[in-house]
Amino acid sequence: MSSLQDIAVPGITVPPSDGLSGNVLALLHEIASLLTALAEEGAPGSIDLRGLPLLPGEREVLKTVLGDGEVVAVIDALGETRVTETRLAGVWWVRHADPAGETIAEFIEVTPCPAILKSDPRDMREAGVALREQLAEWTGGATGGDDGR
Amino acid sequence: MADEADLLERLRQQGISRRSFLKYCAGLASLLALPPAMAPRIAEALERARRPAVIWLSFQECTACTESLTRSFSPTLENLIFNVLSLDYHHTLQAAAGRHAEDARRQSMEANRGKYILVVEGSIPVAEGGVYSTIAGISNLDMLRETAAGAAAIVSVGTCAAYGGLPHARPNPTGAVPVSEILADRTIVNVPGCPPIPVVISGVIAHVLTFGRVPELDDLGRPTVFYGQTIHDRCYRRPFYDRNLFAEQFDDEGARNGWCLYKLGCKGPTTRNACATEKWNQGTSFPIQSGHPCLGCSEPDFWDAGSFYQALTAPPVDVAKWVVPAIGVGVAAGAAAGLANRLRKARAERRRQPLAADDVKGGEG
Ligand code: SF4
């Protein structure tokens with residue numbers, strides 16, 4: 001076993017006077033560069049909040065600074081997923097929880113629309129087919145329009 | 001037995017939607033420290049994954065590793081993955097017994113030669129020809145060698161299989177050794193812990209299914225993604241350690257205030273595991289959060305490493321200067337207002353609208 005003295009204590013910078021710590025500022029800088037990449041190259045990006053060694057309270061500070069935008073979506077899929085656009089357009093706070101409410105994953109996504117919100121093309125095709133089959137059953141075969149393919 | 005239906009199809013038969021699947025793949029990406037953009041690619045790879053055969057051998061062990069994996073109550077990542085494996089042989093979970101069970105193991109080995117995943121739980125006693133633990137008259141040593149020969153990947157689950165664990169503790173009467181000592185020429189993925197965190201077990205299996213190879217390993221055979229950092233690196237009591245605030249007894253003021261457990265023998269600084277981030281019992285807690293020092297159960301020879309309640313060494317005295325005090329939400333309000341004002345200003349400029357005096361003031365901040 002290594003001794004305790006061998007274990008590096010990570011340097012943490014002193015927060016500036018407005019109370020934002022180095023970690024929060026670093027994340028805000030990263031979000032700013034992700035927004036530039038999104039605007040200029042159309043490249044979406046994200047930050048995984050799970051493994052970040054944030055100090056107590058820093059997550060809340062970041063959340064408060066980013067604030068709430070116009071869109072909040074709640075997805076009911078094996079537990080709740082809450083997708084909130086922050087007050088920065090294109091910056092989304094996405095929290096996936098399991099049925100017990102435990103966080104499975106939490107991301108800041110920088111994208112026009114988080115992938116989890118979009119319907120899958122295969123699901124859409126299946127939905128069309130299912131609807132047409134149901135209509136055919138109700139109307140005795142006359143569904144009208146194309147055949148759904 | 002392994003069949004040809006793909007994983008997503010089987011999940012959908014269980015009523016799990018594509019979106020739920022994608023969500024759990026996002027969780028998997030996060031777990032494996034991959035960028036979230038990888039989630040759709042993980043989903044695609046897992047969708048195509050054929051149902052893999054798993055042979056799970058239980059040797060000198062207490063079955064807690066199996067308990068760890070099977071005791072999740074809600075549809076978690078671990079049971080999603082676990083439910084879609086073809087578990088062809090497992091003492092605790094199989095219905096067959098005796099010769100029929102051994103026939104099933106051999107049939108699976110034959111049908112899936114070179115493709116099955118071998119999971120080993122427990123150490124292997126080698127003293128006196130391995131007589132201390134036998135199954136259907138076959139010594140653990142012989143069964144391990146026979147089953148490993150055709151395995152695509154070998155995973156040692158738990159500290160016993162990874163490092164010998166409790167059976168290996170002094171004086172080790174059965175001559176217990178870890179899997180890696182028997183199969184010295186094979187790559188063994190060690191998933192230590194007494195028991196290991198369930199999502200770490202399933203994460204390793206998911207990695208093999210997704211990428212067709214074992215994850216990156218450290219010099220002790222552990223996946224770096226889960227064992228790359230110490231408990232201490234991620235411990236929420238770390239700010240107290242950094243400020244030299246320690247509990248010295250289990251019922252003193254420090255203990256009641258939730259201070260660092262270092263002086264009570266915490267092995268967090270020398271223990272590599274994911275307990276502090278993944279936690280236990282559906283993310284409820286982990287030993288340190290419950291007020292008990294880390295025992296270091298995922299490290300080699302933890303049982304023989306001295307008292308659980310003796311501090312590692314004296315803690316350094318002058319670390320307080322590194323520390324940033326915990327930040328309250330309140331202090332962010334000013335920054336949030338500044339950002340909101342700046343946004344309003346940017347939008348107004350874009351629309352070439354006149355600004356209110358407050359906007360200008362806030363925007364300069
Ligand atoms: S309780 Fe243990 S792991 Fe946590 S900070 Fe103290 S010594 Fe480190």
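Helix 1 of chain A passes helix 2 of chain A in a right-handed crossing; a crossing counts as right-handed if the near helix is turned clockwise from the far one by less than a right angle, and as left-handed if anticlockwise. The model is predicted: local features need pLDDT of at least 70, side-chain atom pairs count only at pLDDT 80 or more, and totals for chains, interfaces and linings use all residues. Residues are numbered from 1 along each chain as its sequence is written, chains are lettered from A and ligands numbered from 1 in the order in which they are written, and side-chain values use heavy atoms, with hydrogens and water left out.

## Helix pairs

In chain A, the axes of helix 1 (residues 22–41) and helix 2 (residues 58–66) come within 10 Å and cross at roughly 40°. These two helices of chain A are therefore oblique to each other. Angles under 35 degrees count as roughly parallel, over 145 as roughly antiparallel, 65 to 115 as roughly perpendicular and the rest as oblique. Axes are lines fitted to C-alpha atoms, for helices over the stretch in contact, and angles run from 0 to 180 degrees between N-to-C directions. Helices (H or I, at least four residues) and strands (E, at least two) are DSSP runs, numbered from the N terminus.

In chain B, helix 3 (residues 39–48) packs against helix 10 (residues 198–211) at an angle of about 80°, with the axes 8 Å apart.

The table lists the residues in contact (heavy atoms within 4.5 Å).

| Helix pair | Residues of one helix | Residues of the other helix |
|---|---|---|
| Helix 1 and helix 2 of chain A | N23(A), V24(A), L27(A), L28(A), I31(A) in helix 1 | E58(A), V61(A), L62(A), V65(A), L66(A) in helix 2 |
| Helix 3 and helix 10 of chain B | I42(B), A45(B), L46(B) in helix 3 | A206(B), L209(B), T210(B) in helix 10 |

By class, the contact of helix 3 with helix 10 of chain B has five nonpolar, one polar and no charged residues. Ala, Val, Leu, Ile, Met, Phe, Trp, Tyr, Cys and Pro count as nonpolar, Asp, Glu, Lys and Arg as charged, and the others, Gly among them, as polar.

## The sheet of chain B

Five strands of chain B form an open sheet in the order 2-1-3-7-9, with parallel pairing. Strand 2 (86–89) and strand 9 (188–191) of chain B are the edge strands, each with a single partner, so one side of each lacks a neighbour in the sheet. From one strand to the next, the twist averages 25°. Two strands pair if DSSP finds at least two bridges between them.

Strand 7 (residues 151–157) and strand 9 of chain B run parallel and are joined by four bridges. Opposite I188(B) in strand 9 stands I154(B), and opposite N190(B) stands S156(B). Strand 9 of chain B is covered on both faces, with I188(B) and N190(B) buried on one side and V189(B) and V191(B) buried on the other; buried means under 20% relative accessible area, exposed over 50%, and partly exposed in between (1.4 Å probe, protein chains only). Helix 10 of chain B lies across strand 3 (116–121), strand 7 and strand 9 of chain B, at about 155° to strand 9.

## The sheet of chain A

The open sheet of chain A has five strands in the order 1-5-4-3-2, with antiparallel pairing. Strand 1 (45–48) and strand 2 (72–76) of chain A stand at its edges, each with a single partner strand. Four bridges link strand 1 of chain A to strand 5 (residues 103–110) in the antiparallel sense, and G45(A) stands opposite V110(A). Helix 2 of chain A lies across strand 4 (91–97) and strand 5 of chain A, at about 135° to strand 4.
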